[in-house]
Amino acid sequence: MRNRLTISKKLVIIFFIIGLLPLIVLGMISSLKVRNVMKEQVMKHLLSLRELKREQIEEYLKIVKDQSVQHSNDLSVISAVSEFTDAFWKVEQELSVWYDSNKGEFEKKLKNRYRYQREHTYGSAVNSLDKWWPEEKVTRILQHLYISSNPKDLGRKYEYDYSSDGSTYSKVHKKYHPMMRKLFRSIIEYYDIFLIEPEQGYIVYSTFKEVDFGTSLMTGPYRKSNLAKVFRKALNLKVKDNAYIADFSHYEPSYNKPAAFVSSPVFDDDTLTGILVFQLSIHKIDEIMTSQRKWEHRGMGRSVKTYLVGEDMLMRSDSRFFSENKEKYISLLKKQGYNKALIKKMRALDTTILLQEVNTSGVKEALKGSEGAGLFPDYRNVPVLGAYTPIHIKGLKWVLMSEIDRDEAFSSIENLTRVMRIVTVIISVLVILSSIVYGRNISRPIRKLADAAKDIGKGKFTDRVDVMSKDEIGQLAETFNKMSIELQESTVSKEELENLVEKRTDDLKKINEQLNAVMRTASDGIITINNNGEIIFWNEAAGSIFGLSANEVIGAPVTIIMPERFRESHKSGISRIISGEASKMIGGTIETVGLHKKGSEFPLELSLGSWVTAEGRFFTGIVRDISKRKKDEESLFKSEQKYRKLYQEFHTLLDSIPDAIVQLSPDLKIVWANNSMTQQFSDDITGNYCYELLHGYKSVCYDCQALKSFQSGKPNSDERTTKDGKVWEVKAFPVKDDSGKIVSVIEIATEITEKIHIQAETIRTAHLASLGELSAGVAHEINNPVNSIINYGRVILDKLKEDSKEYEYSNEIIKEGRRIAGIVRALLSFARVKKDDKLPIGIQKVLDDTLALTKRQIEKDGILIETNIADNLPEININSQQIQQVFLNMLNNARYALNHKKFENNQTKILKISCKLKHNEDISVASFIFYDNGTGIPADIGEKVLNPFFTTKPAGEGMGLGLSISHGIISDHNGKIKVDSIEGEYTEITVDLPVSGKVEA
């Protein structure tokens, strides 16, 4: 059967197949490749997110453990554990009678608190109150004082510093609670902090004050809790610098909400004195894993999530979908048949932690210790792309998951597939239309050839076929036309030929006019020369550049626009090119120098081209005046040199400053430091944390000035005293970018030890001078009347009988007059000795003279003075005036402390003064001890009392110079002052002075 399809239809079919088939194949391959690329990109994002969250959570838990160890070694915490434990055992002894007399009222209030606990603790039984109720009286007393009678609202009980019951425990609580509260509210944000005594496991201190306060973790109601577990683990550690962390579990005292704990033993030397426990805040871990619940703001899309899972395959951080829409999430769990009791508990506790099971293949692999990624159903049974990894923290077996719903991950691919389908349909239509048009274009000339061939067969030789293309059909049509012409045996007429020539001439003229118009209006100069070097074309831009019109240059040699020194080399270069020698200038761009009509030279940029015709070789150059660009470049170069010099001078200035200067990043890493800082270290210090490098801490300093500046955006300053006794003034200045964001902090540390000493010395000198003048004046004013009183007393005594009452009174007048005269002599001695005079003097005499000035006033205040001075004290090389001033300061401070303490009737104000010789290696020391049982010094200011201008006395009662001046005097005598005190109990000040002579045996 003959094929009746025309060539046009066949072409349409062939074009359709050829055009559409590659498109379909290409689309399938592209879709597959794009899908793989998208999957790879999503996986990279998930892996990056996984690693970021793992680093954050591991760093957080590491900081918690490090802080636990660090604070368990802190002297304040060691003292707090011991003092709280001792005070805990005194509670019943001191408060039992008072508590029993009000027992009904007190325990009613406490039971109301326990009823509230039962009502708000999910899963609590009716008899929970009986189960939780503390059997020990000491626990009920403390919970009454600091929970049920605490005036602060529930959840803010930690703001209560102390109870006014007067017990030892409340005094210790007043002393240490502000310090513990500061730690409780630090950057880590603990939920609670516990101090536990090791013998019976009693919680002797709790910051947050929940119903576990005061209970025993060995025998009490919470002995099976995770808190009790970390307590027992810490007991078994037996060594310092160690910590144990316990996984989350539901904790009844915290209303059955999930809680995790970190514990560390507290040692005093080698003796275990207690256990320090931190209760972790679940919200802090949840903030890390949920990016503070700002998923989409952090580029996490609609379904990206990161969460923690424990060994029991239960969540350790909240589900994103639960946090975003609780009801929708719970509805999904109900549809999947999830445990109803767990759903109810989830709603009540408002969390998925320890309630949502995650039994996925990713979790199983991670629990085996593997890390990786893949496609699997998540805990909602929704297909996800997920990355998983174990968390490396000793004591915890957690895994971290980062996931995205498959639909969201591949949504762009689905959109692309839909677009490709639409494009395929459109292209198919276009291919069909194009093939129809093109098929007709191909078949039409063939049909015309066929018709023309028929006409030739009929003897018609005038028909011609239009040549529409240069392909085979066009060639065939052209051959056919030639054949027709030859057959026609005729020629084109002269008129037709002239018309054709005229038409071609007009076309060339138009093209030439267009070209000339473009060259004339070009912004760059365009110059054309012949092989004789004569200018044959010159546009307006060239005229502007060189200051010459076309009439002035056409036909002139091109050398008229060149400096004379370049003209010969130009002529020889043209000759070489004409002779056929290759030139690098042709086709390239160079910088050279031009000559203006006015005779000035200027820099220009030249691009040169060449072409050859029958008339010879021609050259066209495009020139551009680059004077302004050169000036700009020179200006830029000078500016760079200027700022480079300024930069070097600035850094030289900073490096020459003796103060230590560092630049800190927001995470407190050292970005830059000047020479005064870096020369203290052998290695490059940039990139180190400042608190690790400069202070040896594992976490941020408590009173970090740089951190304050980052938080407040304002400069901060403080004074610090280092272990070597140096005083530093530390200033922090925030550095902001254009948007006002703080990008770094400059911290400047200036040593002011000498300045402080000079200030103290100046004040001390002025004080001594004024005191000496006053003493001398008073002594001279009193001396004459006292001598008169003594002399008159003797006159009267001589006239009286020895057995008379008047004789006895006269004797007493003379005795008191002599005592006043002794005081006057002591004042004169104090006033006359020069500052720098140091002479061998019996130290007993200096002490006696000092007591002579103050003893009567001390005894008048009801203070009992006890002295115990060794008999074999040698002479000591001292300035007696200065040492007497030190002793006066000690006596006055003791008198003040004793007078401001409320003593009961059965107690006595006691001031003890003792002195003995001590032998330390090759030196002997006279050690004076001034002891009083007065108000004492608070622990938090104990280290500051030797600082200038620091005083614990009210305004007007002290300048804060006494102990500072005394410290300076004793240091000047190569001695030492040591202060030991407990607030409310005693103060003991030891003054050690080196002996100048030999010590008697």
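Here are some notes on this chain, which is a predicted model, going from the overall numbers down to a few local spots.

1. **Overall make-up.** The chain has 1001 residues, and 41% of them count as buried. Its secondary structure runs to 28 helices and 26 strands. The accessible surface is about 56,500 Å², with 53% of that belonging to carbon and sulfur atoms. If you take contacts between residues at least 6 apart in sequence, 58% of them join residues at least 24 apart.

2. Strand 1 (residues 192-196) and strand 5 run antiparallel and are joined by five bridges. If you want a residue pair to click on, Ile-193 is opposite Phe-278 in strand 5.

3. **Thr-273.** This residue belongs to strand 5 (residues 271-280). Is Thr-273 buried or exposed? Its relative accessible area is 16%, and the cut-off for buried is under 20%, so Thr-273 is buried. Leaving aside residues up to four places away in sequence, Thr-273 touches Val-81, Ser-82, Thr-85, Pro-198, Val-266, Phe-267 and Asp-268.

4. **Gly-395.** Gly-395 lies in the loop between strand 8 (383-390) and strand 9 (399-405). With a relative accessibility of 45%, Gly-395 counts as partly exposed. What is the C-alpha to C-alpha distance from Gly-395 to Ile-245? It is 5.8 Å, although Gly-395 and Ile-245 are 150 residues apart in sequence.

5. **Helix 10 against helix 11.** On the helix 10 side, the contact uses Lys-326, Glu-327, Tyr-329, Ile-330, Leu-333 and Lys-334; on the helix 11 side, Ile-343, Met-346 and Arg-347. By class, the residues of this contact come out as five nonpolar, four charged and no polar.

6. **Strand 10, an enclosed strand.** How many of the five residues of strand 10 (residues 525-529) are buried? Five of the five are, so strand 10 is largely enclosed by the rest of the structure. Gly-525, Ile-527 and Ile-529 point one way, Ile-526 and Thr-528 point the other way, and all are buried.

7. **Partners of strand 10.** Strand 10 pairs with strand 14 (residues 616-625) in the antiparallel sense over five bridges, and Ile-526 faces Ile-622 there. Strand 10 also pairs with strand 11 (residues 535-538), again antiparallel, over three bridges. In that pairing, Ile-529 has Ile-535 as its bridge partner. Strand 10 and strand 11 make a hairpin with five residues between them, and Gly-533 in the turn has a positive phi of about 80°.

8. **Strands 17, 18 and 19.** Strand 17 (residues 716-721) runs antiparallel to strand 18 (residues 727-736), with six bridges joining them. Asp-718 has Val-730 in strand 18 as its bridge partner. Strand 18 is also joined to strand 19 (residues 742-751) by nine bridges, and that pair runs antiparallel. Val-735 stands across from Ser-744 in strand 19. Strand 18 and strand 19 form a hairpin with five residues between them. In that turn, Gly-740 has a positive phi of about 90°.

Terms used. Residues numbered from 1 in each chain as written. Predicted model: local features only at pLDDT ≥ 70, side-chain atom pairs only at ≥ 80, totals over all residues. Heavy atoms only, no water. Contact = heavy atoms within 4.5 Å. Helix = DSSP H or I, 4+ residues; strand = E, 2+ residues; numbered from the N terminus. Nonpolar A, V, L, I, M, F, W, Y, C, P; charged D, E, K, R; others polar. Buried < 20%, exposed > 50% of the residue type's maximum accessible area, 1.4 Å probe, protein only. Areas by Shrake-Rupley, 256 points an atom, 1.4 Å probe, with all protein chains shown as cover. Pairing = 2+ DSSP bridges.
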